[in-house]
Amino acid sequence: MQTHQVIMVVITTMAASLFMMPSFIRAESVACQPPLTNEADRISSLPGQPEPVGFGQFSGYIALDDQLQSRLFYYFAEASTNPASKPLVLWLGDQWECSNFGAFSGNGPFSPVCGNVLATNKYTFNQEANIIYLDSPTGTGFSFSANTTTTSATYIYNDTVIATQNMIFLTRWFQKYAEYKNRDFYIAGQGYATGRSVPFLADRILRGSTTNGINLKGTMMGNPLLNFNTDMGSIGGFLWSHGLISDKTHELMETFCNGAKWLREIYSGSPFSTACKEVDDRLSAEIPDGLDMQDVSSDTCVAIFGPSSRVTGGSKFESSKLFSSIRSLTASPSHEEVSEGTDVCVKEKIMNYLNRKDVQEALHVRTTNWTACPRPFHYDKRGFETPTIDMVGSLVTKGIRVLIYSIDEVTFAPFLGTRVLVSDLADKVGLNTTVPYRGWFDTDKQVGGWTEAYGEMLTYASIRGGSSKVAKRSLSLLRSFLERKPLPVSKA
């Protein structure tokens, strides 16, 4: 299989034809609904969970449009201590086409460890906040549209449609959970898609802030795609700095065909230019099959993909896409720790667990064959290259705090481009540097990464250590962000 065919799998959500605007974007689809309560969504106990858990759990569907029978699935974990005083965080997925079921890995409360047993995640985010995990848009995870005559239309998306679905979800969710209506609210997520879904939703909330009553305070994005040319253009430098490509390939990418041009030629469907064809051939030869491009330092699950992790004779990019697609249910890239270790096969365990009938009954979902990325759908590529960094700047100038962070082993939207974008944004909106670029320390007095802050409104941070450290260190980021404190830059 040619590399350009393989990499199409990595960016399947980038390629689309014209989208159709489903009727659930109309505000009246939310208006005349009966009063909602959340008690029916309460989870009494999940099969195999440790007892007692010590916090409230809820899950189920929020209707977007009764005519289309469109439903978004959510899992809500109340804070483990003092939920009445803790903020509310909406956690969005990393890719448009795959589930965001972080409750069973990453920053969620649990992770399956063996058989029918769930283990408690010592780095769960609900230590610091009440967390909503949302499968969005329809067609991802447990979310669905049941109308077979319109399903093809409802699984074709652009940023506006996705933001509208998420806004309708929030409006209806707050009807069910009225006690959270005026709570400090944050939108967060990890992965390249959050560079679009988070600012688009935040903008939608602010435009209706006088009527929707949502008390938006901040946004937190990990490895977001904010500017296609800058983010993807830095892929060559990232691969070279990690020793994955030769000096010659790096020179070719920097001079003739950078990562942005290479990806653009792939998803355009046109033949490669001479320069990008050479780059593509070199990448195929130099980067081994089975390397996870979402965490280039991590091992992969041999139990799923075999000793060589080669997938149907494909290249490393095909393997990478399959890994990142499955991982997207944990908010990619992989951060699957229950404690300090990393279970590279946790994806298989999650899929087995979520397909159990008793688990689906406990989650209040319809019986279904759950997969991380359940059906093909398309994201309108015309919007993909439109930068969102100015939307982020608009949030800052309107008083919304922003934390943008990079996991240092992620290939797509790597740290090299992100920190340049954040620094340039600070200059553009007139923010002075208050914490110069320097290392920050985690709770174990280890270097957690690097950070630079621009007043209280804008912060950049990196997370050092790839998947083996993401859970613990991202919890440190969240804690500092919610407490409005700078990351510790000394061991004291």
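**Figure 1. Overview of the chain.** The chain exposes about 17,800 Å², and carbon and sulfur atoms supply 53% of this area; accessible areas come from the Shrake-Rupley method with a 1.4 Å probe, and for residues only the protein chains shown count as cover. This is a predicted model, in which local features need pLDDT of at least 70 and side-chain atom pairs count only at pLDDT 80 or more, whereas totals for chains, interfaces and linings use all residues. Residues are numbered from 1 along each chain as its sequence is written, and side-chain values use heavy atoms, with hydrogens and water left out. The chain has 19 helices and 15 strands; helices (H or I, at least four residues) and strands (E, at least two) are DSSP runs, numbered from the N terminus. Of the 492 residues, 61% count as buried, where buried means under 20% relative accessible area, exposed over 50%, and partly exposed in between (1.4 Å probe, protein chains only). Among contacts (heavy atoms within 4.5 Å) between residues at least 6 apart in sequence, 74% join residues at least 24 apart.

**Figure 2. The disulfide of Cys 257 and Cys 276.** A disulfide is a covalent bond between the sulfur atoms of two cysteines. It is identified here as a pair of cysteine sulfur atoms within 2.5 Å, and by this rule the count comes to one disulfide. The sulfur atoms of Cys 257 and Cys 276 are 1.9 Å apart. Because the torsion about their S-S bond is about 100°, the disulfide is right-handed. The pair links distant parts of the chain, 19 residues apart: Cys 257 lies in the loop between helix H9 (247-255) and helix H10 (259-268), and Cys 276 lies in helix H11 (residues 274-286). Both cysteines, Cys 257 and Cys 276, are buried.

**Figure 3. The buried residues of helices H9 and H14.** In H9, the buried residues are Thr 249, His 250, Leu 252 and Met 253. Seen down the axis of H9, these residues fall within an arc of 160°, so they line one face of the helix; the arc is that of the directions from the helix axis to the C-beta atoms. The buried residues of H9 pack against helix H8 (235-241), H10 and H11. In helix H14 (residues 346-354), Val 346, Lys 347, Ile 350, Tyr 353 and Leu 354 are buried. They cover an arc of only 130° around the axis, which puts them on the same side of H14.

Figure 4. A nonpolar core is a set of buried Ala, Val, Leu, Ile, Met, Phe, Trp, Tyr and Cys residues joined through side-chain atoms within 4.5 Å. The largest core has 77 residues, and those with the most contacts inside it are Tyr 74, Phe 169, Trp 173 and Phe 185. Helix H4 (residues 159-176) contributes the largest share of this core, eight residues. A second, separate core of 48 residues includes Leu 118, Tyr 405, Val 470 and Leu 482. One aromatic cluster is formed by Phe 58, Tyr 74, Phe 76, Phe 169, Trp 173, Phe 174, Tyr 177, Tyr 180 and Phe 185.

**Figure 5. Two edge-to-face aromatic pairs.** Rings of Phe, Tyr and Trp (its six-membered ring) pair if their centres lie within 6.5 Å; planes under 30 degrees apart count as stacked, over 60 as edge-to-face and the rest as tilted. By this rule the count comes to 22 aromatic pairs. The rings of Phe 73 and Phe 142 have centres 5.1 Å apart and planes at 65°, so this pair is edge-to-face. The pair links distant parts of the chain, 69 residues apart: Phe 73 is in strand E2 (residues 70-77), and Phe 142 is in the loop between strand E6 (130-135) and strand E7 (144-145). Phe 73 and Phe 142 are both buried. Trp 91 and Phe 125 also form an edge-to-face pair, at 5.5 Å centre to centre with 85° between the planes. Trp 91 belongs to strand E3 (residues 88-92), while Phe 125 lies in the loop between strand E5 (117-120) and E6. Trp 91 and Phe 125 are both buried.

**Figure 6. The surroundings of Thr 219 and Val 296.** Thr 219 is found in strand E10 (residues 215-222) and, at 0% relative accessibility, counts as buried. Leaving aside neighbours within four places in sequence, its contacts include Ile 187, Val 198, Leu 403 and Phe 481. Val 296 lies in the loop between H11 and helix H12 (302-305) and is buried, with a relative accessible area of 11%. Beyond its neighbours within four places in sequence, Val 296 is in contact with Phe 238, His 242, Leu 244, Leu 291, Glu 409 and Thr 411. Val 296 and Thr 411 are 115 residues apart in sequence and 7.5 Å apart in space, C-alpha to C-alpha.
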